[in-house]
Amino acid sequence: MLKIKDLRASVEDTEILKGVNLEIKPGEVHAIMGPNGSGKSTLGFVLAGKDDYEVTGGTIEFKGQDLLELDPDERAREGVFLGFQYPVEIPGVSNSNFLKMIVNSMRKARGEKELDSLEMLKLLKEKLATLGMNINMLKRSLNDGFSGGEKKRNEILQMAVLEPTLAILDETDSGLDIDALKVVADGVNSMRSEDRGFLIITHYQRLLNYIVPDVVHVLVDGKIVKSGDKNLALELEDKGYDWIKENKAAQPA
Amino acid sequence: MSDSMQTLEKHTKSEYKYGWTSDIEMDTIPKGLSEDVVRMISAKKNEPQWLLDWRLEAFRIWSEMKEPDWAKLNINPIDYQDIIYFAAPKKQPKLNSLDEADPELLRTFERLGIPLNEQKVLAGVAVDAVIDSVSVTTTFKEKLSELGIIFCSFSEAVQEHPELVKEYIGSVVPRNDNYFAALNSAVFSDGSFCYIPKGVHCPMELSTYFRINAANTGQFERTLIVAEDDSYVSYLEGCTAPMRDENQLHAAVVEIFAKDRAFVKYSTVQNWYPGDKDGKGGVYNFVTKRGLCDGYRSRISWTQVETGSAITWKYPSCVLKGNESIGEFYSIAVTNNHQQADTGTKMTHLGKNTKSTIISKGISAGRSQNSYRGLVKIAKKAENARNFSECDSLLMGDRCGAHTFPYIEIENQSGKVEHEATTSKIGADQMFYCTQRGLSDEDAINLIVNGYCKEVFNELPMEFAVEAQKLLEISLEGSVG
């Protein structure tokens, strides 16, 4: 479903990704871990097509097409979802209105009938219930004045209604207490399916207790230096990132 | 240039939708302004002597005044002798029957989405349609008159209700108030008149629609609204003009007089031709709008959505004379391409416990300049006056400008004035967040801008709010990235 080959990317002429290789098959959950500044979030932004991230080499193939050819909104309509580490606030735009707009633009892209307000409300209520979220959240301005936990849950809500093919979650666990973390994990787990892939970007292993990944990658200095199963995450939790960095340094260039 | 900037560039090239002209047979007078022209206008309208004298005095005042130059505007010199001061369709409907009207004229308003046939009119909105110098027709007049409400063209009011016109004309905006008000007082041609009797809650929105059609013609309309004790009216004003290469002058005066506990809500959606994308042509919109909260607990609320005109220069204001009276100003001013706007309000607190609220949202795109200019004045006797002002500016792109000039004059120390101002750019992060969810650039811009303007949209009457939102989308088509 997603094939990343030798991906290189820069921000303001500084190379952040230095040759990333990664393949995600439908139904798989991959976790990317790594120390701060290793390029984890950059990978997410590059996949979503953010403006200031310049791809300088390599390829990204998504569902058989060249993802780099598409604008961010086209990628989204193809099924790429990015859960933001820092969701953006948009004052004056109600959450429900935003959700309705994005769902209908997605449905339109898929050639499905747009939902009217009643159908939309039904869908939202259903999703809110599974995520243990309060309906009042719909009336508030998009992320405006939301707590950290509310913002993250709101990201999961958006993911739930958009039903993406590939969901990239960028440090969705950061700043969450254990209850919120469970809600987020439950949201993700309930959406795991044969035809959907996940890329979970996280700094800590904690989240992976609740969302058990099929593959764990360690990203250090813009490269994936080690991949393994869920036990790799536990090992990292135990030893920190330094041993991998040292290993890498010891390897011949 | 970044991608988002290119998107912005692309978007700013949208076309003005109302730029066509109609071929209506017109009765015009020669170009130029003189005492004779003032007499001619007055004679054409069959006005009483007192009104002619009033005009002539205004003309004398104007002749001695100088064009003001304090606004942050770049104005091509206006040749007042090169303007036609009166133009009216030859075939005018009589006795409020549209049968005799020039069919082209009816088509003109149909095309603008303002059908003049009452059966077709939006239920709940009475319309006074003004083309160039005259009012064509007023709908629902009879229904309103059952309640004692007078809603008619200014010219008709002069004939039918001279005592009211004489009492209130110039009572809020005196002839010598400013250069353009003086000019208007001398040559005003038509406009709307509205009188709400004591205790009457006007059941429908009253609306005036202004259309400039004739070339080289100035539009100088005058609107007067008088609200007696305990009355309520919501008044709407809309306007468009054809695309022409030369600038056209629009210098209107609006006066509102509110008595005890009266509430007047005045909403404007201004969409005069803004000129082409290189800044050629467009309407000069120099308007004096003022409301006098004369009575105890009276309230006047201005809401404006300004998207048109090459140059806009207007400050809908409130004089809060009655104790506990309330003045409000909600504004969205959008400038694009080479448009310039210098707009804001004046809240003059004279009475005790008076309150005013100012919410101004400026949006600049292209190479436009958008200024907010506001004065909050608390006079000596205005005990416990309160003002809250919020002036926000939104920039789209990096070649436009936003400016805020708040003036505060306080002569009574019990007054409390709060002022908040922000300037923001449509954030690349906000755009990316929306597009990542699958929204197109345009949808994302509209969403963000509408959110930004929401406080003001909320003040508009329902049908109008929808209209205004659409208008905003058209004005900014492609303006941000």
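## Terms and model

Helix axes are lines fitted to C-alpha atoms over the stretch in contact, and the angle between two axes runs from 0 to 180 degrees between N-to-C directions. Helices (H or I, at least four residues) and strands (E, at least two) are DSSP runs, numbered from the N terminus.

This is a predicted model, in which local features need pLDDT of at least 70 and side-chain atom pairs count only at pLDDT 80 or more, while totals for chains, interfaces and linings use all residues. Residues are numbered from 1 along each chain as its sequence is written, chains are lettered from A and ligands numbered from 1 in the order in which they are written, and side-chain values use heavy atoms, with hydrogens and water left out.

## Helix 5 of chain A and its partners

Helix 4 (residues 117–130) of chain A packs against helix 5 (residues 148–162) of chain A at an angle of about 125°, and their axes are 10 Å apart. The two helices are therefore oblique to each other; angles under 35 degrees count as roughly parallel, over 145 as roughly antiparallel, 65 to 115 as roughly perpendicular and the rest as oblique. Their crossing is right-handed, a term used when the near helix is turned clockwise from the far one by less than a right angle (left-handed if anticlockwise). In this contact (heavy atoms within 4.5 Å), helix 4 of chain A contributes A:Leu123, A:Leu124, A:Lys127 and A:Leu128, and helix 5 of chain A contributes A:Leu157, A:Ala160 and A:Val161. By class, six of these residues are nonpolar, none polar and one charged. Here Ala, Val, Leu, Ile, Met, Phe, Trp, Tyr, Cys and Pro count as nonpolar, Asp, Glu, Lys and Arg as charged, and the others, Gly among them, as polar.

Helix 3 (residues 95–109) of chain A also packs with helix 5 of chain A, at about 30° and with the axes 10 Å apart. These helices are therefore roughly parallel to each other, and they pass in a right-handed crossing. Among the residues that meet are A:Phe98 and A:Ile102 of helix 3 of chain A, and A:Leu157 and A:Val161 of helix 5 of chain A. The contact has eight nonpolar, three polar and no charged residues.

## A helix pair in chain B

In chain B, the axes of helix 2 (residues 35–44) and helix 3 (residues 49–63) come within 10 Å and cross at roughly 150°. Helix 2 and helix 3 of chain B are therefore roughly antiparallel to each other. Their contact includes B:Val38 and B:Ile41 of helix 2, together with B:Leu56 and B:Phe59 of helix 3. Its residues divide into five nonpolar, one polar and three charged.

## The interface and salt bridges

Chain B has 19 residues in contact with 31 residues of chain A. The two chains bury about 2000 Å² between them, 65% of it on carbon and sulfur atoms; buried area is the accessible area (1.4 Å probe) that two parts lose on being put together, summed over both. B:Phe432, B:Tyr433 and B:Arg437 supply 38% of the area that chain B buries against chain A, more than any other three residues.

Two salt bridges are counted between chain B and chain A, each being a side-chain nitrogen of Lys or Arg within 4 Å of a carboxyl oxygen of Asp or Glu. A:Glu155 and B:Arg437 meet in a salt bridge (2.6 Å, N to O).
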